[in-house]
Amino acid sequence: MAGAKKASKAVDRQTLLDLYRTMVRIRTFEETAHKEFLKGEMPGFLHLYSGEEAVAVGVMSVLQPDDYISSHHRGHGHLIAKGADTKRMFAELFGKADGFCRGKGGSMHIADVSLNILGANGIVGACQHIGTGAAFACKHKHKGRIAVTFMGDASTNRGTFHEALNMAAIWDLPAVYVVENNLYGVANCQRDYMKVSVADRAASYGFPGVTVDGNDVVAVREAAREAVDRARNGGGPTLLDCRTWRHWGHFIGDAATYRDPAEHQAWLDRDPLIVTAEELRSKKWALDADFDRIQAEAEAEMQAALEFGKKSPYPNLDELYTGVFTD
Ligand SMILES: Cc1ncc(C[n+]2csc(CCOP(=O)(O)OP(=O)(O)O)c2C)c(N)n1
Ligand SMILES: [Mg+2]
């Protein structure tokens with residue numbers, strides 16, 4: 001990938017196995033949710049994160065537990081990588097009372113403020129203001145913490161992106177902006193909605209923009225570490241342009257016929273799980289049995305989480321107006 005930052009591969013065995021395991025857990029959550037959604041029992045929309053796992057996992061691996069994150073409509077991976085309970089995530093997907101929003105938010109609004117996860121968000125670009133607000137609070141109130149905003153590439157066209165990143169720049173906020181650059185906004189190809197690269201946009205705010213191989217979890221981790229250290233040490237924001245690919249359509253039900261099959265296959269061949277598994281194998285840090293065990297553990301976790309979500313009760317009718325805005 002031209003111009004993308006390569007990983008120096010300075011990572012130990014346990015760390016690489018942990019990164020791999022979390023990516024497998026995210027993939028397995030998504031596959032389980034996908035199958036279940038197709039049965040027709042899950043309300044709402046699902047925007048699957050499969051293929052983009054290295055971004056969430058690489059970035060989250062260098063955060064402190066009390067750092068803040070703000071996320072967007074493709075948010076399951078961010079939640080899992082930051083430690084959200086997959087049982088409560090499934091309950092939320094089914095609209096059940098044990099869900100993070102007591103079933104009223106669904107996939108696009110899961111938040112866990114106890115983990116400083118400020119929420120997925122169905123409004124494209126809203127995460128940019130929320131993340132910047134959190135970074136402002138970190139600078140003035142929660143010193144030592146930082147705020148990371150995850151967003152899609154098409155969302156960098158919104159006015160919110162300009163407003164938020166400009167403010168973060170002039171106030172030197174402890175912020176990191178992570179763009180999951182999957183080259184599409186719904187059915188539109190990036191060449192039709194942007195004339196510059198995502199990373200280049202940072203120049204107009206006066207802070208670094210870095211292009212990263214977003215399918216290489218170690219490359220993401222290293223670029224994120226630099227950005228996070230910079231933010232935490234008073235150096236201001238960084239924009240990370242993580243090049244990646246969603247394996248599925250925009251949401252479940254979109255056949256993604258607008259993408260070039262050869263390009264799609266080339267990205268599938270560079271699936272972040274394949275990239276990391278190859279790295280583990282080449283270093284002789286994992287054998288077939290290790291991969292099988294990691295996969296089996298993820299499947300057991302997600303099956304239990306799915307069952308929990310399904311069995312959880314629906315919220316009572318008398319809760320209809322609680323936790324929502326009413327006047
Ligand atoms: C303000 C707003 N405008 C439009 C939409 C409809 N919409 C949902 S996702 C999306 C595209 C987002 O693309 P990108 O930011 O690249 O994220 P990706 O889906 O590729 O992860 C659009 C236009 C919306 N949810 N909110
Ligand atoms: Mg996109």
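The largest pocket of this predicted model holds about 280 Å³ of space. Of the 20 residues lining this pocket, His73, Val124, Gly185, Val186 and His250 come closest to its centre. A pocket here is an open set of points on a 1 Å grid over the protein atoms alone where a 1.4 Å probe fits, with protein on both sides within 12 Å along at least five of seven lines, and lining residues have an atom within 4 Å of a point; a volume is the space filled by probe spheres set on the points.

Ligand 1 is surrounded by 16 residues (a heavy atom within 4 Å), and the closest include His73 and Asp153. An oxygen atom of ligand 1 lies 2.8 Å from a polar side-chain atom of Arg74, and a backbone N or O atom of Ala154 is 2.9 Å from a ligand 1 oxygen.

Residues are numbered from 1 along each chain as its sequence is written, while chains are lettered from A and ligands numbered from 1 in the order written. Local features need pLDDT of at least 70, side-chain atom pairs count only at pLDDT 80 or more, totals for chains, interfaces and linings use all residues, and side-chain values use heavy atoms, leaving out hydrogens and water.

Definitions and conventions. Polar contact = N/O pair within 3.5 Å; in protein donor to acceptor, adjacent residues only side chain to side chain.
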